[in-house]
Amino acid sequence: MIRNSERLPGSDPNETLLGGNTNIKIRYVVLVGVGMGLLTSCAGMSLDDPIIARKNLMRDNNNNLEAIEAYLKENKGGTADVASHARKVASIAKQIKGLFPKGTSLKDRPGQTRAKPAIWAKRAIHIEQAAEIMYGYAMSLADAADSGDKRAIGAALDQLDKRGCGGCHSKFRALK
Ligand code: HEC
């Protein structure tokens, strides 16, 4: 009795060029291909999609603010942590300019983003100004944290939230 592995290719009379295992392999390759296509083209997005990158960075913003709020409300961490979170937000502000490439407004990609087309009308000015404002408030918050004054931290967080983040959202982010 000859085992499969001992057979020379083509020595099996039942094996045609596209028969047996080869056919299974081709089907598998097609299925994997379709699966990857679905993953990367899901609603037109891919893993390096600028809209996803933008939302991720915005969520980072939020996480940092929430950590500072946890210090204020529940005494989680200390002022050094607050300062570090504030500086992270400031460093995100520096990256904001690159988050709005052309073709990523809610008009270009309906249902995938809340970025209003108004951003692109005067993109450089709008986004740079908003990012600068956000940076300024984030650095004031870092200064307040360095001073160790909890009330000053609370006030600075409020300003950053309302003016730094909210100022841009109210103009350039569509409601859900
Ligand atoms: C330059 C303008 C601008 C600034 C400044 C800004 N944002 Fe945003 N943010 C946006 C826009 C536009 C969107 C919508 C992005 C999208 O849907 O593609 C957004 C979306 C978000 C989202 C939702 C992300 C998601 O998953 O859909 C969160 C949370 C957020 N921002 C938090 C913040 C926080 C916190 C700050 C301040 C520390 C901030 N943002 C500063 C413009 C800004």
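Start by selecting the ligand: helix 2 gives the most to the shell around it, with eight residues. Helices here (H or I, at least four residues) and strands (E, at least two) are DSSP runs, numbered from the N terminus. Before moving on, note that this is a predicted model, in which local features need pLDDT of at least 70, side-chain atom pairs count only at pLDDT 80 or more, and totals for chains, interfaces and linings use all residues. Residues are numbered from 1 along each chain as its sequence is written.

**Stop 1: the ligand shell.** Now show Met58, Asn61, Thr113, Cys165 and Cys168, which come nearest of the 23 residues around the ligand; a residue is near when its C-beta atom, placed from the backbone, lies within 6 Å. By type, the shell divides into 13 nonpolar, five polar and five charged residues. In that count Ala, Val, Leu, Ile, Met, Phe, Trp, Tyr, Cys and Pro are nonpolar, Asp, Glu, Lys and Arg are charged, and the others, Gly among them, are polar.

**Stop 2: the whole fold.** Zoom out, and you will find six helices and zero strands. Buried residues (20 or more other C-beta atoms within 10 Å of their own, with 12 or fewer for exposed, partly exposed in between, and C-beta atoms placed from the backbone) make up 20% of the 176 residues.

**Stop 3: helix 3.** Select residues 79-95, and pick out Val82, Ala83, His85, Ala86, Val89, Ala90 and Ala93, which are buried. They sit on the same side of helix 3 because they cover an arc of only 165° around the axis, taken from the directions from the helix axis to the C-beta atoms.

Stop 4: Click on alanine 145: leaving aside neighbours within four places in sequence, it is in contact (C-beta atoms, placed from the backbone, within 7 Å) with Thr79, Val82, Ala83, Ala86 and Ile153.

**Stop 5: the loop.** Finish at glycine 148, between helix 5 and helix 6. The C-alpha atoms of glycine 148 and threonine 79 are separated by 5.9 Å, although these residues are 69 apart along the chain.

How values were computed:
Contact = placed C-beta atoms within 7 Å.
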